[in-house]
Amino acid sequence: MAAPVPAYIRLPDPSGNTGKNDREQFRTVGSDIVFEKELIRIRQAQQLGVYRAVSPQQLIVQTATNGTTTGLIWAHVPSAVTNKKVRLRRCFVTSSVVSTTARPTAPRLRMDRMTFTGTASGTQIPAVPLNSSYPSAVFDIRSAVTGLTVSLIAQLGNAALVGSITGASSWGPHVVDVFPAAPEEDEWIILAPGEGVVIYQDTAGTSGDDRVANVCFLWDEIDTA
Amino acid sequence: MAAPVDAYIQLADDSAFAGPKLRTQTRVVGSNTVHERMITINRIASVLGLYEAGMAQQTVAAAAQDGITSGFVWIHMPTAITGCSARIRRIYFNDQHSTALTTPSSPRVALAKFTFTGTATGATLSPDPDTSYRRAKLDLRTASTGLSVTLVGNIVAIALSGGLSAAGVYTPAPFSTVELYSNTLTAPVEDEYIVIAPGEGVVVYQDIGGVASDTRKLNITVVWDEIDT
């Protein structure tokens with residue numbers, strides 16, 4: 001296929017038109033003044049708001065957790081919500097070593113889609129709207145599973161944590177995605193009422209493990225009426 | 001649903017037209033020369049200016065800060081401003097050790113939204129705008145003096161580097177508290193910017209303490225735009 005060639009499409013003379021003004025910008029290409037359409041990208045879905053939340057520092061545990069009765073964070077759309085869905089855009093974690101004891105194990109955080117019954121009553125992690133004009137978030141993020149009966153569906157992603165082989169030397173902070181940022185709308189994880197995600201540690205840590213992790217969420221909420 | 005098929009719409013012969021020229025480029029697809037339109041993507045909001053401000057090197061605090069009276073920088077839109085909001089596009093920082101200090105602790109830097117009353121009188125942090133833009137309305141202060149701050153909540157938090165012994169090497173890495181992509185560390189899409197209306201702000205603070213006499217350093221930069229509301 002040959003390379004593209006600069007060109008233009010000539011319109012009828014609009015000088016007598018009295019209708020609406022369709023915005024363009026123009027520039028000179030060669031000897032021609034040509035018009036370029038100005039567009040605004042919008043979301044395909046009817047977006048109600050965009051939100052972020054961050055967990056309190058979470059303690060890495062010696063024994064693997066199962067995501068249903070043990071875990072770190074349960075983020076869900078309550079069953080009573082109607083005409084709204086959540087789209088998870090990104091979830092990432094940073095972690096730290098907090099003692100000079102060797103932690104030569106490879107715990108990781110895993111995110112699974114889940115369904116549930118019941119009403120959550122565990123400690124809630126606040127959602128912050130990125131614009132104060134947005135409605136309060138329906139995405140309900142809890143650091144305890146209390147009140148929910150959880151069924152895991154499938155793994156969506158995972159993230160390794162920082163390790164300490166000898167209890168010496170140094171580490172740099174590292175952002176690890178559990179669910180990487182997806183630039184395109186159709187890649188986001190959609191959560192309907194009755195669905196959620198759970199972040200849990202599916203691989204054991206070290207005896208007396210005291211490593212910590214910080215989990216961050218970015219999502220939007222859409223009108224599905 | 002079937003796969004899409006290459007096609008075109010044939011327009012009226014424009015050789016006699018005397019109106020504007022819609023910019024295109026031509027390409028040969030199959031046996032047809034087709035025109036492809038040129039477009040530009042505009043912002044939904046009306047952007048008045050873009051600004052960037054880097055901070056003096058900060059020292060990691062031994063004790064946790066509260067974001068209200070202790071923190072690194074309060075970024076706010078004064079209540080007297082009208083017709084304008086700011087949007088935080090990116091806040092990024094990197095950190096480093098400055099002495100041979102053992103730091104087995106887990107401090108983290110958090111970004112929190114807040115509302116406030118009062119008028120700031122703390123030390124200012126001036127942005128470096130493109131000179132074609134008007135002077136920034138967003139007010140950056142390295143002390144919250146004069147402001148009565150109410151935190152709305154943490155938006156994001158990032159762990160810092162540490163040393164389990166006063167030896168070895170480390171690699172500084174940039175981390176963003178408002179990043180979207182793990183590689184570019186930016187919020188590239190307009191609907192993910194944090195909107196700051198008059199009476200609102202964000203504070204960068206350390207919500208978990210470091211070690212006694214911590215000497216780790218932080219280098220923080222803020223990027224934002226301001227929009228006509």
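This is a predicted model: local features need pLDDT of at least 70, side-chain atom pairs count only at pLDDT 80 or more; totals for chains, interfaces and linings use all residues.
Biologist: Why is Thr221(B) called buried?

Modeller: Happy to start there! Buried means a relative accessible area under 20%, exposed means over 50%, and partly exposed covers what falls in between, with a 1.4 Å probe and protein chains only. Thr221(B) comes out at 14%, so it counts as buried.

Biologist: Where does Thr221(B) sit, and what does it touch?

Modeller: Thr221(B) is part of strand E15 of chain B, residues 217-228. Strands (E, at least two residues) and helices (H or I, at least four) are DSSP runs, numbered from the N terminus. Setting aside neighbours within four places in sequence, Thr221(B) contacts Glu52(B), Ala53(B), Gly54(B), Arg90(B), Ile91(B) and Tyr92(B). A contact here means heavy atoms within 4.5 Å.

Biologist: What makes Ser95(A) buried?

Modeller: Ser95(A) has a relative accessible area of 8%, which puts it in the buried class. It belongs to strand E7 of chain A. Beyond its sequence neighbours within four places, Ser95(A) contacts Leu161(A), Val162(A), Trp171(A), Val212(A) and Ala213(A), along with Ala159(B). Its C-alpha lies 19 Å from that of Arg142(A), 47 residues away in sequence.

Biologist: Why does Ile33(A) count as partly exposed?

Modeller: Its relative accessibility is 44%, so Ile33(A) gets the partly exposed label. Ile33(A) is in strand E3 of chain A, residues 32-40. Apart from residues up to four places away in sequence, it touches Phe26(A), Arg27(A), Thr28(A) and Lys21(B). Tyr8(A) is 25 residues from Ile33(A) along the chain, and their C-alpha atoms are separated by 9.5 Å.

Biologist: How do you know that chain A is more spread out than a compact globule?

Modeller: The radius of gyration is taken over C-alpha atoms, and the globule rule is 2.2 Å times the number of residues to the power 0.38. For the 225 residues of chain A that rule gives 17 Å, whereas the chain has 24 Å, well over that value, so it is more spread out than a compact globule. Along the principal axes, the C-alpha atoms of chain A fill a box of roughly 80 × 45 × 35 Å. Chain A has 0 helices and 17 strands, and 47% of its residues count as buried.

Biologist: What does the globule rule give for chain B?

Modeller: A compact globule of 229 residues would have a radius of gyration near 17 Å, but chain B has 24 Å. Its C-alpha box is roughly 80 × 50 × 40 Å along the principal axes. Chain B has 0 helices and 15 strands, with 51% of its residues buried.

Biologist: How is the contact between the two chains sized up?

Modeller: The size of an interface is often given as the accessible area lost when the parts come together. Buried area is the accessible area (1.4 Å probe) that two parts lose on being put together, summed over both. For chain B and chain A this is about 6,000 Å², with 57% from carbon and sulfur atoms. Lys21(B), Arg23(B) and Leu164(B) supply 14% of the area that chain B buries against chain A, more than any other three residues. The contact takes 64 residues from chain B and 72 residues from chain A.

Conventions: Residues are numbered from 1 along each chain as its sequence is written. Chains are lettered from A and ligands numbered from 1 in the order in which they are written. Side-chain values use heavy atoms; hydrogens and water are left out.
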